[in-house]
Amino acid sequence: MDIKKLGKLFVTCFYISAFTFGGGFVIVTFMKKKFVDELKWISDEEMLDYAALAQSSPGAIAVNAAILVGWKVCGLIGMLVAVLATILPPMIIISIISFIYDIFITNPIVKLVLEGMQIGVAAVILSVSIDLGINVVKQKNILFILIIVGAFIADMVFNVNVIITILSCALIGIIKIIYDKVKREVIE
Amino acid sequence: MIYLELLWSFIQIGLFSIGGGYAAIPLIQTQTVEIHNWLSMSEFTDLVTIAEMTPGPIAVNSATFVGIRIAGLPGAVIATIGVILPSIFIVSLLAYIYRKYKSAKGLDSILSCLRPAVVALIASAGIAMLITAVSTGEVMMYGISITSIVIFILAFFCLRKFKFNPILVMVACGIINLIVSFIF
């Protein structure tokens, strides 16, 4: 076991996690810069596959990418070290903030600023969902549009549990695979 | 047992938030606001605001935030372990499969059906957050704050038309709300 490599892995993941704002995709870009371009531990092509895998697996993209990079660099120990280094910075920062939050939330000025920021974050989330929605509609697939409308109504109107909605759509995906396969065989 | 409840809740969040980042928001809302009442809707919106402004995945941020509020530092550690556990197992397995077969074809098809649903759920969570945000503020009319609506429209316009940085927009909204409250 290469302690020096593990140390480098920890420091690099910690650094990337502590200084990247803006979520999953940004962190994958930083990882490429460090692990592919600087340290040359991973090939360019492999990093692209990691990004795709991290993005399509459950959970946070940054954590998923750390798991893949960790396994590749130092096996099981590497994976655990990379994950720990990735989750420590947000844990430390949020611990401090939640302590401050409890003290300052009763302050009228802080409260007003936070209330204003709540409006801003709602605008950000809705703007992001419009961008994502446009991407789905652009595919011009009637099934995807039906899913988007159906899931929205299920959540807004009928308050269906989110997990049930997600599982139902996964099931639709599985049925689609089988349907496509049968169709291909019939044609052949 | 509160630790087990935290662990189980955050395992579900980790397991079902597919597509990264924003995909976790509806699940966090369901678990922490609707099922367990660990946060009010207003606290939840604050949490999303804080998560947006700090580095780190929103799922990890919220695990720490909620864990600390409910059961102190051990709660934060347990909730965070819960949220990353599904990733550790599933991604490790996928990495193994990937190395063996160099492809994941079936996965793509399932994901293509999941993505539209996730978009709808994020939009729905955004609307719930908007409703919470505009139900407090100055110049109320029919239970809706006119100033909040105006700030929202301004923020939305700046984001869509000028592609302003989201963090900048959020901070500006906070400051504008403070100034407006002093004027009225």
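Contact here means heavy atoms within 4.5 Å. The model is predicted: local features need pLDDT of at least 70, side-chain atom pairs count only at pLDDT 80 or more, and totals for chains, interfaces and linings use all residues. Residues are numbered from 1 along each chain as its sequence is written, and side-chain values use heavy atoms, with hydrogens and water left out.

**View 1. Chain A meets chain B.** Here 82 residues of chain A touch 87 residues of chain B. About 7,600 Å² is buried between the two chains, with 77% coming from carbon and sulfur atoms; buried area is the accessible area (1.4 Å probe) that two parts lose on being put together, summed over both. Look for Gln118(A), Ile119(A) and Ile125(A), which supply 9% of what chain A buries against chain B, more than any other three residues.

**View 2. A salt bridge across the interface.** Arg69(B) pairs with Asp102(A), and their closest N and O atoms are 2.2 Å apart. Two salt bridges are found between chain A and chain B, each a side-chain nitrogen of Lys or Arg within 4 Å of a carboxyl oxygen of Asp or Glu.

**View 3. Chain B on its own.** Seven helices and two strands make up its secondary structure (DSSP runs: helices H or I, at least four residues; strands E, at least two). From the N terminus, the order is α-α-α-α-α-β-β-α-α. The C-alpha atoms fill a box of roughly 65 × 40 × 30 Å along the principal axes. Of the 184 residues of chain B, 55% are buried, that is, under 20% relative accessible area (1.4 Å probe, protein chains only).

How values were computed:
Chains lettered and ligands numbered in written order. Buried < 20%, exposed > 50% of the residue type's maximum accessible area, 1.4 Å probe, protein only.
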